[in-house]
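Dear colleague,

I am passing on the structure that we talked about, together with some notes on what was found in it. Please look at it first and then read on.

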Amino acid sequence: MSTPLVELRGIRKEYDDVVAVADVDLKIDAGEFVVLLGPSGSGKTTILTMLGGFAEPTVGQIFIDDEDMTGRPPASRPTATVFQDYALFPHMNVASNVGFGLAMHKVPKSERKVRIDEALDLVGLASLGHRSIHQLSGGQRQRVALARAIAVRPSVLLLDEPLGALDLSLRRQMQEELVRIQDEVGTTFIHVTHDQEEAMSIADRIVVMSHGRIEDVGSPQKVYHRPSSLFSANFMGESNLIGGKVENSEGGRSRIAAAFGVCELSTSQQVGAEVSLMLRPEHLTLASPSSGAAIALGHAYVKGIVFQGSHLKVTAASEFDEVGVLKLSLPAETALIAGQQIDIFAVADNVVVLTQ
Amino acid sequence: MARWFRHLPAAFYLILAYVFIFLPVVILVLFSFQDGQLPVPPFDGPSLRWYERMISDSRLVEALGHSVIVALLSSLVATLLGFLAAYALARRNMPFGGGIRYLLMAPLTVSYLIIGMGLLITFALIGIPKSLLAVGIGHVVINLPLCFAIVYSQMGEHQRNIERAAQDLGANDLQTLVLITIPILQPALFASFCLAATLSWDEFIIAFLLTRFDVTLPVIIFEMLSAGLNPVLNAAGTVVFAISILFVLLALLLATRRKRANVDAAG
């Protein structure tokens with residue numbers, strides 16, 4: 001890949017004595033759909049604000065298109081922001097909102113009209129240009145905010161939890177729309193959210209953040225299946241964490257002793273280190289898997305069964321106190337009753353070893 | 001029946017309260033239409049003769065003109081200064097911003113009499129004579145904190161994000177101010193103007209202390225009152241009251257329109 005479109009070098013942001021962002025390095029390529037994911041206070045919105053030019057980093061530099069953005073006001077950055085509260089201009093109609101940036105960039109009137117129509121068409125509001133902002137629904141306002149930002153053709157579109165105020169079904173629908181729109185315009189999207197399902201369904205790459213630091217970076221599959229930290233494992237979805245101790249590590253393979261026995265996994269670890277073995281609920285099975293090296297996790301007693309349509313969500317108490325209660329996601333047709341004794345297995349390749 | 005009976009004391013109390021509040025005004029207005037020589041009972045039947053007398057009294061008409069000019073100009077200045085102060089304090093990171101804000105609002109706690117006396121002494125010291133200008137300055141002093149508070153309260157985080165959006169889309173500070181901030185604040189600006197105008201319009205103490213030859217309507221009414229009750233003064237008082245009500249209604253109308261717009265925005 002050539003030089004990245006956006007590069008954050010050693011970004012640190014302090015407010016009084018609070019460190020909002022701590023030494024973050026990140027490169028983003030042109031055309032990527034990147035999601036900054038994390039709980040509130042993780043620094044994700046602060047990064048977005050610094051990219052947009054509404055705050056300056058205490059330490060570090062931001063480059064967009066190889067240009068140092070330090071000290072540049074929002075107006076002269078090649079970014080456009082979709083604000084969480086939309087921040088539409090209430091005294092203008094839809095078309096004037098979308099055309100505002102074009103007018104500020106001195107785009108001739110005739111061209112302005114064409115680009116307003118294009119942008120409204122893109123977000124599916126082609127016929128609503130004359131409407132007042134007050135006449136729009138929440139979802140429509142969201143689209144106007146998006147069209148307004150896209151109309152100025154930014155190199156980077158910054159989205160600050162844009163779907164947070166929408167109800168669930170509308171949010172899912174807008175997620176698909178965002179992916180489609182990003183696909184059509186090809187602009188780099190940097191999207192902030194605390195909703196890991198949203199992140200997984202829209203992102204090319206997820207950046208998991210906590211306490212101002214990057215915990216994990218990678219494709220949705222990577223951060224979900226092979227998280228690189230305990231925080232990331234927990235934040236991305238339900239997981240089973242089983243404590244273990246590294247007995248031996250050689251040539252990229254480690255022997256790890258856990259309550260249920262000793263298993264050999266392909267990972268390099270410090271001998272003697274305390275580790276957590278992470279397994280997603282859907283990676284636990286009731287029968288020994290036919291392919292791959294199987295690990296037997298011993299018996300467990302079914303505690304709770306929740307039918308979820310496509311699958312059963314089962315909790316089961318392991319025979320080993322150290323393992324505790326395991327969470328399983330089993331095929332919907334599995335016949336189980338509470339109190340039943342089951343044997344639990346996993347494939348070694350699905351186990352993620354995380355240092356504590 | 002029983003239920004109706006139970007509400008009787010409350011209704012009685014309510015009526016009493018309203019009578020207490022409105023009776024003086026009703027009597028003032030009623031006897032401005034008095035067909036007799038004195039604004040006291042009995043009511044001799046409706047007539048506009050005292051209004052005619054008022055219009056033909058050059059002192060009253062002149063004072064009314066002065067009051068209008070002082071109210072409009074002082075409110076304009078107070079709103080402008082209040083807006084500028086609010087804009088600076090809400091949008092710029094100023095050192096001691098909190099302290100400046102409290103200091104700006106502090107005059108609200110000082111009585112008009114004290115402010116009037118202070119102005120009298122100060123103006124004497126720096127050589128501004130007793131005049132309508134002096135009254136106008138006095139009214140700016142009392143109304144500025146109010147105008148500031150009204151405008152400042154409307155410049156919250158959402159409004160700030162709207163301004164950020166404008167800057168993000170390429171607007172410079174001046175464009176943001178003229179195209180976004182002022183149009184959005186327009187109802188608040190107008191409401192603060194109306195309120196300031198109402199307060200200036202019937203303000204007496206400062207106007208009394210700071211005028212000599214050219215006086216405002218409340219001052220002339222006071223002077224004429226000392227010569228005894230006269231239905232002309234009822235008529236003048238009714239005009240003062242009606243115009244005050246007009247200003248308040250205007251401000252109220254704008255406030256509710258704004259509220260409705262906000263409800264729309266939330267829905």
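Which residues does A:Glu161 touch, not counting residues up to four places away in sequence? With contact taken as heavy atoms within 4.5 Å, A:Glu161 touches A:Lys44, A:Gln84, A:Val192, A:Thr193 and A:His194.

Before going further, please note that this is a predicted model, in which local features need pLDDT of at least 70 and side-chain atom pairs count only at pLDDT 80 or more, whereas totals for chains, interfaces and linings use all residues. Residues are numbered from 1 along each chain as its sequence is written, chains are lettered from A and ligands numbered from 1 in the order in which they are written, and side-chain values use heavy atoms, with hydrogens and water left out.

A:Glu161 is found in the loop between strand 7 (156-160) and helix 5 (168-185) of chain A, where helices (H or I, at least four residues) and strands (E, at least two) are DSSP runs numbered from the N terminus. A:Glu161 counts as buried because its relative accessible area is 9%, the term meaning under 20% with a 1.4 Å probe and protein chains only.

Chain B has 12 helices and zero strands, and its C-alpha atoms fill a box of roughly 70 × 70 × 30 Å along the principal axes. Of the 267 residues in chain B, 39% are buried, and among its contacts with a separation of 6 or more, 71% are between residues 24 or more positions apart.

One such residue to look at in chain B is B:Gly136, which has its place in helix 7 (residues 132-153) and is buried, with a relative accessible area of 13%. B:Gly136 touches B:Val70 and B:Ser74, again leaving aside residues up to four places away in sequence; B:Val70 is 66 residues from B:Gly136 in sequence, yet their C-alpha atoms are 5.4 Å apart in space.

Helix 8 of chain B gives the most to the lining, with four residues.

With best wishes

Technical notes
Buried means under 20% relative accessible area, exposed over 50%, partly exposed in between (1.4 Å probe, protein chains only).
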